[in-house]
Amino acid sequence: MTDENAWWKEAVVYQIYPKSFNDTDGDGVGDIQGIVEKLDYLDDLGVDVVWLNPVYESPQEDDGYDVSDYRAIDDRFGSMEDWERLRDGLHERDIRLIMDLVVNHTSDQHAWFTASREDPDGEYGDYYMWMPGEPDDLPNNWGSCFGGPAWRYDREREEWYLHLFDPTQPDLNWRNPDVRDEVAELVDWWLQQGIDGFRMDVINFISKPEGLPDGDPDQDWVGLDHFANGPHVTEYLQELSERTFDQYDAMAVGETPNVSVEDAREYTGDDGPLDMLFHFEHVRLDFVEKDWWDVGDWHVRELKEVFSRWQEGLADEGWNALYLDNHDQPRSVSRFGDDEQYRYESATALGTMLLTLRGTPFLYQGQELGMTNYPFDSLDEIRDADARNRVLGALDAGKIDSFESVKDVVRYRCRDNARTPMQWDDSENAGFTDGSPWLPVNPNYETVNAAAERARDRSIWTYHRDCIALRDDHDVLVYGDFDHLVPDHEQVFAYVRADDSERVLVTLNLTAQDALVELPVSGAVEQLLGNYDRDETDLASLTLRPYEAQIYRLS
Ligand code: TEU
């Protein structure tokens, strides 16, 4: 949905993965009280919205994306009273709160599913995607996101059920109006508790096409082209939005694999049901033929091409959500930057890009510290259902003979890279817990941590704080047009953000080599922010040092 000016366009969002943020009760798992203790940290950084990954009651088979009760806080994370303290503490600091809405599927421990499997003719019998059939005859060839088929045969009901993710995450049947009512009621319930919106998990998967046709078997995720953006998605979301979000001026951010810019215009444009969405184009650049097992090279030019196409495609209609990191992705400094020699330079260059493109930036916990990937050495260190299922499945099928043989790719892709504990200081367990952390702490915590970052004037943390403040002070960075310069340059991403009153130039060298760039700009300039000192103000011809990022006001 497009509103000319909107609070959610002006906001910088900070994503918190509660399990790994801060543990106050010593069980090794982060908790809500732990977030409450860090509210001033968030305030100091200057973020406007917190997005909380799922904290609902859940068996945690997929780290909370398997919800067993949508209206209860999981004991591991605390109580509803803790949650209220968090909400109030954020609101007192003018920080809004959005939650995670996981309603493509539930946990198999959810009461709806238990009832559904017990009694096909009962009230909940039609809440899930059940299919009749013999136990050795899969209903279609769709695959699970985490490897293996997307169907499980249920011995109790003697039918198959669909699970696009883990077998413990059965897909809801959105064709059933009762399911749509349940979802609207729970969304409304949370909005009444005072939250400011939702990030909506794989929300473009909710409408499965009639007949559940087979997918192209050569795809990495077989069936994706059928279950993504299905026939009734817009209608279902429109209905949900009218019944709930629209009544509260709440923010609706869709997580939507397999969407094009054109799809995004529909979802987020004038009549669309979402405010913005997460697409996956830039985080697929390092896949060879979309294959998880094959890590490919990505190129600066491709990254620029993706971002500029989305900038231009949503210029007049719709709105971008911008991200480089989240709980499903390896750390951006390890992926798109250099997590060794140029950690400061590359983390700040990527941060500059995130915070100066047109759209709502989403920072993920630890990104503001330049946290890096973790050197996983064995499957025992990995909790991520995605990596585990894939590796165990491949071992089972005899496609690989050891973890060792795929260690490099697992290290690169594993979602736990993003989920290791937040590094607060150089004390034991990085100050995350007094107990034994649920995932190992990255061994670099003695140097990479919030206390050290905040103590230095020139640090990744201070740079992010300053860049957020700069965005707050310059409307042009929110609403201004995006004008892409030197699109063919192999190393430099450069663009001008412009409105009637101001023009701001951003130049980013996204490589570890010096880059010479001739820019079609002229006029007196003022440096607003940069990750290197630079005196000269003639921008027509510049040599940018490794990962140099500069933001200038043009006359
Ligand atoms: O992720 C959906 C998704 O399709 C991917 O991000 C996926 O995790 C990745 O491609 C695996 O390689 C969402 C959540 O963000 C994720 O944490 C959940 O596991 C998933 O949905 C199921 O709810």
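Is aspartate 63 buried or exposed? In this predicted model, aspartate 63 has a relative accessibility of 7% and therefore counts as buried, the cut-off for that class being under 20%. The residue is found in the loop that runs between β3 (56-57) and β4 (69-73). Although aspartate 63 is not a glycine, its phi is positive, at about 50°.

The chain as a whole contains 18 helices and 22 strands. Its radius of gyration is 23 Å, close to the 24 Å that the globule rule gives for 555 residues, and the chain is therefore as compact as a globular protein of that length. Along the principal axes, the C-alpha trace spans about 75 × 50 × 50 Å. Of the 555 residues, 63% count as buried.

The ligand is surrounded by 20 residues, of which the closest are Asp62, Asp201, Asp328, Asp386 and Arg415. In aspartate 201, a polar side-chain atom lies 2.7 Å from an oxygen atom of the ligand. For aspartate 386, the distance between an N or O atom of the side chain and an oxygen atom of the ligand is 2.8 Å. The side chain of arginine 415 likewise has an N or O atom 2.8 Å from an oxygen atom of the ligand. On its own, the ligand has 490 Å² of accessible area, and the protein covers 94% of this. The ligand lies between two domains, because both domain 1 (3-103 + 177-372 + 458-465) and domain 2 (105-171) give residues to the shell around it.

Serine 207 is placed in the loop between β9 (197-200) and α7 (224-227). Its relative accessibility is 1%, so serine 207 counts as buried. The side chain of serine 207 reaches the backbone nitrogen of histidine 232 at a distance of 2.9 Å.

Glutamine 423 occupies the loop between α15 (407-413) and α16 (450-455). At 1% relative accessibility, glutamine 423 counts as buried. Its side chain has two partners to report. One is the side chain of asparagine 444, with which the side chain of glutamine 423 makes a polar contact at 3.2 Å. The other is the backbone oxygen of valine 448, which lies 2.7 Å from a polar atom of the glutamine 423 side chain.

Glutamate 340 lies in the loop that separates α12 (332-335) from α13 (343-356). Its relative accessibility of 66% is over the 50% cut-off, and glutamate 340 therefore counts as exposed. Glutamate 340 and threonine 372 are 32 residues apart along the chain, and their C-alpha atoms are separated by 9.2 Å.

Notes. Residues are numbered from 1 along each chain as its sequence is written. This is a predicted model: local features need pLDDT of at least 70, side-chain atom pairs count only at pLDDT 80 or more; totals for chains, interfaces and linings use all residues. Side-chain values use heavy atoms; hydrogens and water are left out. A residue is near a molecule or strand if one of its heavy atoms lies within 4 Å of it. A polar contact is a pair of N or O atoms within 3.5 Å; within protein, one must be able to donate a hydrogen and the other to accept it, and residues adjacent in sequence count only if both atoms are side-chain atoms. Accessible areas come from the Shrake-Rupley method with a 1.4 Å probe; for residues, only the protein chains shown count as cover. Domain bounds come from an automatic or database domain assignment. Helices (H or I, at least four residues) and strands (E, at least two) are DSSP runs, numbered from the N terminus. The radius of gyration is taken over C-alpha atoms; the globule rule is 2.2 Å times the number of residues to the power 0.38. Buried means under 20% relative accessible area, exposed over 50%, partly exposed in between (1.4 Å probe, protein chains only).
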